[in-house]
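Hello,

Here is the structure I promised to pass on to you. Please have a look at it first, and then read my notes below.

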Amino acid sequence: MDKSKLFLKSKRSFRRRLPPIGSGDRIDYRNMSLISRFISEQGKILSRRVNRLTLKQQRLITTAIKQARILSSLPFLNNEKQFERTESTPRTTGPRTRKK
């Protein structure tokens with residue numbers, strides 16, 4: 001066997017992915033269509049590796065998401081199961097009193 005063939009790297013054609021934010025897109029808390037692409041189903045901010053963003057873009061996205069959450073145009077949690085109750089449990093309102 002020829003040793004030169006063993007150490008050759010495989011020539012794959014890598015397709016360069018387009019950046020998720022175009023040059024004309026403005027990162028702002030009001031741009032909900034842009035912000036919603038960087039949030040998971042649970043409402044968490046996706047990491048920089050997953051988003052394929054630069055460090056500066058990721059910082060701008062996180063501040064925009066946090067501003068939108070504070071202004072309540074974006075929910076903090078996107079988990080709808082948390083708000084559903086399967087059983088209604090009676091709750092007491094007020095201090096408990098002991099009976100002697």
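**What I found**

Of the protein's 100 residues, 19% count as buried (buried is under 20% relative accessible area, exposed over 50% and partly exposed in between, with a 1.4 Å probe and protein chains only). Before you go further, note that this is a predicted model, in which local features need pLDDT of at least 70 and side-chain atom pairs count only at pLDDT 80 or more, while totals for chains, interfaces and linings use all residues. Residues are numbered from 1 along each chain as its sequence is written, and side-chain values use heavy atoms, with hydrogens and water left out.

The secondary structure comes to four helices and zero strands, with helices (H or I, at least four residues) and strands (E, at least two) taken as DSSP runs numbered from the N terminus. Along the sequence the pattern reads α-α-α-α. Contacts (heavy atoms within 4.5 Å) with a separation of 6 or more come to 49% from residues 24 or more positions apart. The accessible surface is about 10,000 Å², and 52% of that belongs to carbon and sulfur atoms; the areas come from the Shrake-Rupley method with a 1.4 Å probe, and for residues only the protein chains shown count as cover.

Spanning residues 55-70, α4 has 16 residues and reaches 23 Å from its first C-alpha to its last, close to the 22 Å expected at 1.5 Å a residue (the expected span is 1.5 Å times one less than the number of residues). Q58, I61, T62, A64, I65, A68 and R69 are its buried residues. Down the axis of α4, these fall within an arc of 165°, so they line one face of the helix; the arc is that of the directions from the helix axis to the C-beta atoms. K56, R59 and I70 are exposed on the other side of α4. The cover over the buried residues of α4 includes α2 (32-35) and α3 (48-51). After α4 comes S72, with a positive phi near 55°.

Which residues make up the largest nonpolar core? There are 11: I21, L34, I35, F38, I39, L53, I61, A64, I65, A68 and L74. Two or more residues come from each of α2 and α4, and α4 gives the most, with four. By nonpolar core I mean a set of buried Ala, Val, Leu, Ile, Met, Phe, Trp, Tyr and Cys residues joined through side-chain atoms within 4.5 Å.

L46 sits in the loop between α2 and α3 and, at 24% relative accessibility, counts as partly exposed. Leaving aside residues up to four places away in sequence, L46 touches R37, F38, I39, S40, N51 and Q58.

Finally, the structure holds two salt bridges (a side-chain nitrogen of Lys or Arg within 4 Å of a carboxyl oxygen of Asp or Glu). In one of them R37 pairs with D25, their closest N and O atoms being 4.0 Å apart. R37 lies in the loop between α2 and α3 and D25 in the loop between α1 (3-6) and α2, so the pair ties together parts that are 12 residues apart in sequence. The side chains of R30 and D28 also meet in a salt bridge, at 2.8 Å from N to O. R30 is exposed at 59% relative accessibility, whereas D28 is buried at 16%.

Best wishes
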